[in-house]
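Have a look at the sequence and the 3D view, then try each task before you read its solution.

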Amino acid sequence: MAQIADPQSFDRFALDYDRFVSLLPGQNTAWLLGLDLKGKRALDAGCGTGHAVEALADNFEEVVGLDLSAPLIEIARAKRARPNVRYVVEDLFGLKDEDGFDLVYSHTMLHHLGITARAWST
């Protein structure tokens with residue numbers, strides 16, 4: 001069976017990760033913004049330091065940025081806070097949100113989930 005990377009390993013290089021993503025502004029969000037999606041609520045699952053959350057906040061009334069890494073969320077809160085944004089340190093499978101979302105976005109996160117590794121090995 002394939003080895004699953006520890007998703008919290010981003011804790012060790014959170015500042016470097018944010019600097020790297022900031023070198024290419026819009027790289028992960030330009031196509032998303034080009035879709036001109038609008039709505040009440042959006043979720044960025046595995047939001048990292050909040051680059052996509054910040055972009056989504058322009059078109060959604062409320063955006064929830066969720067990540068397992070507390071250091072990444074701390075950076076997101078410090079650098080990319082908005083009145084309509086809430087950052088949560090949580091496992092995606094542990095998220096309790098009865099209101100639902102109009103959009104669920106995720107970029108380079110799903111491969112960290114054990115279910116995906118099992119799917120590739122079958």
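**Exercise 1: the strand S2**

Strand S2 spans residues 60-67, and six of its eight residues are buried, so the strand is mostly covered (buried: under 20% relative accessible area, with a 1.4 Å probe and protein chains only). Helices (H or I, at least four residues) and strands (E, at least two) are DSSP runs, numbered from the N terminus. This is a predicted model, where local features need pLDDT of at least 70, side-chain atom pairs count only at pLDDT 80 or more, and totals for chains, interfaces and linings use all residues. Residues are numbered from 1 along each chain as its sequence is written, and side-chain values use heavy atoms, leaving out hydrogens and water.

**Exercise 2: neighbours of S2**

Find how S1 and S2 pair, and trace the chain between them.

Step 1. S1 (residues 39-45) and S2 pair in the parallel sense over six bridges; pairing requires that DSSP finds at least two bridges between two strands.

Step 2. From S1 the chain passes through helix H3 (residues 51-56) to S2, a right-handed β-α-β crossover (with the strands pointing away from the viewer, the path from the first strand over the helix to the second runs clockwise).

**Exercise 3: on to S3**

In what sense do S2 and S3 pair, and over how many bridges?

Step 1. The pairing is parallel, over five bridges.

Step 2. Asp-67 has Val-89 in S3 as its bridge partner.

Step 3. Together, S2, H4 and S3 form a right-handed β-α-β unit.

Technical notes. Buried means under 20% relative accessible area, exposed over 50%, partly exposed in between (1.4 Å probe, protein chains only).
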